[in-house]
Amino acid sequence: MAEHAARPCCLGWDFSTQQVKVVAVDAELNVFYEDSVNFDKDLLEFGTQGGVHIHEDGLTVTSPVLMWVQALDIILERMKASGFDFSQVLALSGAGQQHGSVYWKAGASRVLTSLSPDLLLHKQLQACFSIRDSPVWMDSSTTVQCRRLEAAVGGAQALSCLTGSRAYERFTGNQIAKIYQQNPEAYAHTERISLVSSFAASLFLGSYAPIDYSDGSGMNLLQIQDKVWSQVCLRACAPHLEEKLGSPVPSCSVLGAISSYFVQRYGFPAGCKVVAFTGDNPASLAGMKLEEGDIAVSLGTSDTLFLWLQEPMPALEGHIFCNPVDAQHYMALLCFKNGSLMREKIRDESASCSWSDFSEALRSTEMGNSGNLGFYFDVMEITPEITGRHRFSAENRQVSAFPGAVEIRALIEGQFMAKRIHAEGLGYRVMPKTKILATGGASHNRDILQVLADVFGAPVYVTDTANSACVGSAYRAFHGLRGPSPTVRQA
């Protein structure tokens, strides 16, 4: 563990799928403390696999709310035992796995505001949730609710234009609709619905924290242009929903001072500020220090693009979120399922299982591949929904195969051309100052990155984003302290 002598700092938290993590970042933006609790290893009593429970239908996926609370208790007790100086914490913020939702039972707000510093949080909050197992982003059981929501607003594209995305099974509005339809009694006894992010913020605030614009735009409920809940979407999902959600706030809002519980039990200063928590993807954008025109590309099992947008163009593929750093701008997220696994398959088939030979093939073929182009989807793609291998010659004729080196360049150019086409479809434009931040396994291959630079016409830098959501949360805490955002307090 890094040395953590007393120094003014901000804490960044990440309530992710598999763990809760914290970092402390000083005024020079250096990380000097970090710790984490892994749900599967450290909280065996909850019996999770990968931090979740997959139900018998194979579609429903949930996580125990109290597991997240207990993980927070464990980390804070560890920090206290290690001698961490909580009195130096100026502010904190955090991230939560996007699309997860928490259902506070009627009366829970009174418990939050009157916590005893003599007891751990999870001991006091056991009876505070009307739904004890939260639906999370891996859940895909709400197809019926998705179709109903799209129909209510005039179709998938209309919903995308309004909320930034067509209806997705994991998005919170559809999850709420399912709970209302299948468990109306629990819904009726719910006084507040939080996202994982605003739930975590509520623990520190000692009262219900509002949902921020950025994470709120991953719900199929928020009008991304006006930053207000869509009345037609609310009505399509469940009654009295607006009062259960509360009003959304800018992502850099200071929500108030930390709860007296943390002051008395751990020694936080009474003036420590709680800055609005957001989703893990928006927090990662902050952590990677993206600016207007920049792109972050994660080249892993799946490939993911983060984009900073000024004028978004919502589409049927991809997601538009409110920007967590600049409330006037937006961010886009695109996911491509056929990423590194597809690259490895073509390496095995066309380069004798050798990355060295794969790279040599890229170096030996010219940019543009002499007009030969390929798109490779061995598993059903997300963006767009398509499968199969599709090769086209320079004469624009579909062909069944390419020579080995041509096949390799066709794959890599095709993957990056698809990313640029879909990014531009969401309103992205390459700018003179554009830079690309690459991470993930394939970012270690210079020849693959050269193709990425060629396709986008922009320089590529390799970055480590292992803790980007957590570190980005600490950055956002400093950002919130700087203002000029108003202090927000919501009952």
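**A buried arginine**

Select Arg-409: with a relative accessibility of 6%, this residue counts as buried (under 20% relative accessible area, where exposed is over 50% and partly exposed lies in between, with a 1.4 Å probe and protein chains only). The model is predicted, so local features need pLDDT of at least 70 and side-chain atom pairs count only at pLDDT 80 or more, whereas totals for chains, interfaces and linings use all residues. Residues are numbered from 1 along each chain as its sequence is written, and side-chain values use heavy atoms, leaving out hydrogens and water.

Arg-409 belongs to helix H17, residues 404-425 (a DSSP run of H or I with at least four residues, numbered from the N terminus). Next, show Glu-366: its backbone oxygen is 3.4 Å from a polar atom of the Arg-409 side chain. Arg-409 also touches residues including Leu-362, Met-367 and Val-451 (heavy atoms within 4.5 Å).

**The nonpolar cores**

Now select Ile-176, Leu-221, Leu-241, Leu-245 and Leu-307, which touch the most other members of the largest nonpolar core, a set of 66 residues (buried Ala, Val, Leu, Ile, Met, Phe, Trp, Tyr and Cys joined through side-chain atoms within 4.5 Å). Helix H17 supplies the largest share of this core, seven residues. A second, separate core has 59 residues, among them Leu-11, Val-52, Tyr-266 and Cys-272.

**A residue in a loop**

Finally, select Trp-137, in the loop between strand S9 (133-135) and helix H5 (143-153). Is Trp-137 buried or partly exposed? Its relative accessible area is 37%, so Trp-137 is partly exposed.

How values were computed. Helix = DSSP H or I, 4+ residues; strand = E, 2+ residues; numbered from the N terminus. Polar contact = N/O pair within 3.5 Å; in protein donor to acceptor, adjacent residues only side chain to side chain. Lists of a residue's contacts leave out its neighbours within four places in sequence.
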